[in-house]
Amino acid sequence: MRVFLGITGASGAPYAARLLETLARADCEVGVCASTAGIEVLATELYGNARLSRDETLARLLERAHGGRVTVYEPNDWKAPYASGSAKVDAYVVCPCSMGTLGTIASGAMDNLIHRAASVALKEERKLLLMPRETPLSTIHLRNMLTVREAGATVLFLAPGFYHGAESVDDLVDFIVARALDQLGLEAAVARRWGK
């Protein structure tokens, strides 16, 4: 399976890191693109240093992929395969998805590879999973979420459940990652399912 993973500047870096690790372990080919704000959030939330360089932040993130088939693309790389509908891509994920990114996607604008990849997913009617984390939500946020949903995207909010008996933050992260994998059609025993 070939998956695009966009990482933007919303809180939720642990979700992106765990999702990347799980996709790599599932033998997916993953193209990763992190916005400038996404790098800052990764560096802050995962490594405790907002001043960490882009290269160092991505190198540390890729260590979680354990040698999987992962390629990093720059936000302005319009030659990346994910920028064209003619490339065979199975799914596109933006995790975390900032409200700025969601709004840009909803408007049809394309300022970077993440926006373009999402636009390609919508126009080609491919799986697009947007994973926002913001609270409270404004009317504009809600309208943008409805717009992308009506266009064919799945909005999977980064809001974990508690009914599975989570004992750690990692368990809460895994709850959401398991839901994302379900949406992508990947089977992975990441979190206990209801009734099990």
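Predicted model: local features only at pLDDT ≥ 70, side-chain atom pairs only at ≥ 80, totals over all residues.
Trainee: How are helix 4 and helix 6 oriented to each other?

Mentor: Helix 4 (residues 99-107) packs with helix 6 (residues 139-151), their axes lying 9 Å apart at an angle of about 50°; helices are DSSP runs of H or I, at least four residues, and strands of E, at least two, numbered from the N terminus. Axes are lines fitted to C-alpha atoms over the stretch in contact, with angles from 0 to 180 degrees between N-to-C directions. The two helices are therefore oblique.

Trainee: How many charged residues does the contact of helix 4 with helix 6 have?

Mentor: Contact means heavy atoms within 4.5 Å, and helix 4 contributes Met 99, Leu 102, Gly 103, Ile 105 and Ala 106, facing residues of helix 6 that include His 141 and Val 148. With Asp, Glu, Lys and Arg as the charged class, the contact has six nonpolar residues, four polar residues and, as for charged ones, none.

Trainee: Is Leu 129 buried or exposed?

Mentor: Leu 129 lies in strand 5 (residues 127-132), where Tyr 92 and Leu 184 are among the residues it touches. Because its relative accessible area is 0%, and the cut-offs are under 20% for buried and over 50% for exposed, with partly exposed in between (1.4 Å probe, protein chains only), Leu 129 is buried.

How values were computed. Residues numbered from 1 in each chain as written. Heavy atoms only, no water. Parallel < 35°, antiparallel > 145°, perpendicular 65-115°, else oblique. Lists of a residue's contacts leave out its neighbours within four places in sequence.
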